[in-house]
Each structure stands twice: as C-alpha cells, then as structure tokens.
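Subject: Structure handover

Hello,

Here is the structure you asked about. Please open it alongside this note; what I found follows below.

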There are 2 protein chains.
Amino acid sequence: MELNEALYTTRAMRRVKPDPVPDDVVAAMLDAAIRAPTGSGGENWRWLTVTDRSTMTALAEMYREAYHLLNTTMYAGKKEQAEARNDQRALRVMSSSDWLAENFEQVPLVVLAFHRNDPSGASIYPAVWSLMLEARAHGVGATLTTVLSWFKNDEVCAMLDVPTDHGWTNAAAVTCGYPLGRWGLATRKPAQAVTYSERWGAAPTWSVDEPLWNEY
Amino acid sequence: MELNEALYTTRAMRRVKPDPVPDDVVAAMLDAAIRAPTGSGGENWRWLTVTDRSTMTALAEMYREAYHLLNTTMYAGKKEQAEARNDQRALRVMSSSDWLAENFEQVPLVVLAFHRNDPSGASIYPAVWSLMLEARAHGVGATLTTVLSWFKNDEVCAMLDVPTDHGWTNAAAVTCGYPLGRWGLATRKPAQAVTYSERWGAAPTWSVDEPLWNEY
C-alpha cells in the first residue's frame, strides 16, 4: 500500500466483523509497530493480544463502565450540545463509539499497548499508530481507545497479570477487525487553519485547498 | 513511497543539513498530519513552524538547558552505564543526541506540536508520527523531541505567544531537515520478545525471525 493512502484513509474503524484476524497479519502489525522511534532506544513497550472470548467479555464489561464514566464526566453534555447545533459529524462519531461499547465482546482482536518510563506517551503512540497503519494495509480496521487506561487501568492490569510494580501501565486498547464500514478521508479543517508560522496566530506562507491525497 | 518502507526506515534523524525545507514539503507534512485520528474528532491540535534564525537560536539555548536537565536527572548515569557495558547502540543514540543539542540552531525547520484536552497524548503523537512519515517520503529527516515540553514548556509558550490560559501546551518539537546520515532499519528485539498472548508473560502463537520488510 502507498504511504499516503494509509495516512489519509486510516480512520478510527469501530464497527468491525467478528471474523478472526489471522496470525500472520497480527505478526505483521506487531513487527511494524516496533520499528517506530523509541525514546533513547529504550523499547519500553510491551504488547498483549487478546482474542480469548472470556477475557474479551471481561474487557467489554470494564470498557462499558469506563465509557459510561467518560460520558458522565469529561464528555458530559457533549451529545446534547452536538444535537443542539445539529453537528452530524460529531453525532456520527458518538454513534460509532456507542456501537463499540455495546458490541465490544464481538471484537475479534484487541491489542493492548503497555509502556513505562514514557511520561508523555511520545514513545508508545507512534508505535500504536504504526500498528494501525499496518493493519490498514492488510484490510484490518482498528481504533485507538484510551478509556480503559484512563478509568480501568488497575483492573485491566490485575486481570492480565501486568507487573505494575515494575512500572508497566496500559496506554491504549486497540480494537481490531475487518470493517463493517468503508475506508475514507476524515473531514478536517484545512492544515493552514491549525498551523501557525513563527509565532502563534500568524498564518503560514502556504495553504492547502484540497487534501493532497484523495483517490477515493 | 510504499507504506512499509516508511514505517520500517523512518528513524530519528537528528543530524541534518542547514538547507531549508521548501514550503510545498512543509504543507504536505502538515496536510498528512491532520488526517490522523483525533479523539472524538476534536482536532485539539495546533502546529507552529519555526524557521526564523533568531527564534531558532532562542529555542536552541532552551533546548540545551533542557537537555542538560534531562541528562542530570531522568538520564543521570546512562552514559557511564552504556560505556561500562560497551553498549555501542546506546552510545550512538547519545552521540547523535549530543550533536542535535550542540547544533540545534542550524536545524532549518522545527515543527512544534501543541495540544489540549488530550491527557494521555493519544491524539497528538499519532499525528506527529504521520508528519514525520510524510517528511520521510519527501526525503526530509525528523526527530520527535520532548525535552522542551518536559522542561521548558512555559518559556517556549511565552516566547511564541501560546495561549496557555486556553489549555494549550507543547507536546513535541520535531526537528526537520535533509539528513546527513542514512535511512535504515532500527535494531529491535524481535516482535515476539515484546508481545504476549492473552496474558502477560505468555508467548504469542507466531514469531518473526527477520524484519518483514528489509530492502536495504
């Protein structure tokens, strides 16, 4: 797959089929992930693939509790606000997020990313994104979720025997599977609307009228 | 460029030439960056490109102070340990990091990434990594650095008029330029050595003997 097709079309793909992801695809995803830069060459990451149905059911219950906590704290009122301003894009994201919470136990594969000595997340999330881009190249959709790490890290780590006393903590749960939806470009403000030149607020000397890759 | 070539060979490229990065390449880097997934579709990121020499000189001084703080706190003793065990790989990373600190004002372009409402960094770092992968496709080397955000966030934000009272904070300074060094695969433990299956400590059902992409 061409780099730009992957960068431009790998959207959060929450709605996935229950069909399993083959081992050779999982291996390719992990092999690509670990090529990403890692602070001081530390490789302070561990990956844990979950396909077992009883573990997935337990994760699904934790996920729903965490998702409920998110929607009643950090995201409280978001849905009502989106409805009030008829923001269809935001409502689609919420609907898709609801689907994932309701159907989490049907997800065929979850890749949990753990890290330590990585205070900003600058080492783990590039590698997680590489994993998702490689998945995309194999036709597998993925979503980077952080609600388990925000609200249920202790429970997740306890269930999976993660040695938190050695500093390991969950950074993300990446849900993976063959997509029910379609790949496509995400809607974004143009790059020049979120980029400044030399100083905050100063417009850049370039602008991009249409996405520079769009073969869809 | 093929996706795997980018994922497998985009190493931290600290040693770069002073030659400027053209506007069309900068635009391509930013346009690719903003296609990455963003939590709840929030686009809670802003980018600031620095090429101005006086700003770069000020950043370089802050960078050296931050780098010194890093090496005398979090990384204290690392160099001596690497020398004691003759760890040539770690020593090469440190030598390259020293080069960047000493030559920061010669870097032609620094892209600063700012974020808010992104407590784990899970939204900004995938986008930063997309920016670096797109740079790679245009022959531009980049390094994700976090020492300024760790140790000098207030000073950087004050110098560049960043409205920290609206929640904006620096996540990364990405140094960019045409490489002095060569692209190549990073040395890594094999994927199965850092991946567990179903439970921490359990080996996966697959293994990868050689990197799955290696045309170098």
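**How the two chains relate**

Chain A can be laid on chain B with an RMSD of 0.0 Å, by a turn of 180° and a shift of 0.0 Å along the axis. That is the relation of a two-fold axis. Please keep in mind that this is a predicted model.

**The interface**

The contact between the chains involves 73 residues of chain A and 73 residues of chain B. On the chain A side, these elements give two or more residues each: α1 (3-9), α2 (23-33), β1 (45-50), α5 (88-103), α6 (124-137), β4 (169-177) and β5 (195-197). The largest share comes from α2(A), with eight residues. By class, this side of chain A has 43 nonpolar, 14 polar and 16 charged residues.

β5(A) pairs with strand β1 (residues 45-50) of chain B. The pairing is parallel and runs over three bridges. A:Thr195 has B:Trp47 in β1(B) as its bridge partner. A:Tyr196 stands opposite B:Leu48, also in β1(B).

This pairing belongs to an open sheet of five strands. The order is β5(A)-β1(B)-β2(B)-β4(B)-β3(B), and the pairing is mixed. Which strands stand at the edges? They are β5 of chain A and β3 (141-145) of chain B. Each has a single partner strand, so one side of each is left without a neighbour in the sheet. The twist averages 20° from one strand to the next.

**The other sheet**

A further open sheet, also built from five strands, has the order β3(A)-β4(A)-β2(A)-β1(A)-β5(B). Its pairing is mixed. Here β3 of chain A and β5 (195-197) of chain B stand at the edges. Each of them has a single partner strand, so one side of each lacks a neighbour in the sheet. Neighbouring strands are turned by 20° against each other on average, direction ignored.

α6(A) packs on this sheet. The helix touches β1, β2 (109-115), β3 and β4 of chain A. Its direction makes about 10° with that of β4(A).

**β3 of chain A**

Is strand β3 (residues 141-145) of chain A mostly covered or mostly open? Mostly covered: five of its five residues are buried.

β3(A) runs antiparallel to β4(A), and five bridges join them. A:Ala142 has A:Cys176 as its bridge partner in β4(A). A:Thr145 stands opposite A:Ala173 of β4(A).

**α2 and α6 of chain B**

Two packed helices are described by the angle between their axes and the distance between the axes. Helix α2 (residues 23-33) and helix α6 (residues 124-137) of chain B pack at an angle of about 145°, with their axes 8 Å apart. α2(B) passes α6(B) in a right-handed crossing.

From α2(B), the contact uses B:Ala28, B:Met29, B:Leu30, B:Ala32 and B:Ala33. From α6(B), B:Ala127, B:Val128, B:Ser130, B:Leu131, B:Glu134 and B:Ala135 take part. By class, that is nine nonpolar, one polar and one charged residues.

In α2(B), the residues B:Val26, B:Ala28, B:Met29, B:Leu30, B:Asp31, B:Ala32 and B:Ala33 are buried. What covers them? The cover includes α1 and β5 of chain A, together with β1, β2 (109-115) and α6 of chain B.

**An exposed position**

B:Ala84 lies in helix α4 (residues 78-84) of chain B. Is B:Ala84 buried or exposed? B:Ala84 has 9 C-beta neighbours inside 10 Å, so it counts as exposed; the cut-off for exposed is 12 or fewer. B:Ala84 and B:Val26 are 58 residues apart in sequence. In space they are 42 Å apart, C-alpha to C-alpha.

Best regards

Methods
Residues numbered from 1 in each chain as written. Chains lettered and ligands numbered in written order. Predicted model: local features only at pLDDT ≥ 70, side-chain atom pairs only at ≥ 80, totals over all residues. Contact = placed C-beta atoms within 7 Å. Helix = DSSP H or I, 4+ residues; strand = E, 2+ residues; numbered from the N terminus. Nonpolar A, V, L, I, M, F, W, Y, C, P; charged D, E, K, R; others polar. Pairing = 2+ DSSP bridges. Least-squares fit on C-alpha atoms with pLDDT ≥ 70 in both. Buried ≥ 20, exposed ≤ 12 C-beta atoms within 10 Å, placed from the backbone. Axes fitted to C-alpha atoms, helices over the stretch in contact; angles between N-to-C directions. Left-handed = near helix turned anticlockwise from the far one by under 90°.
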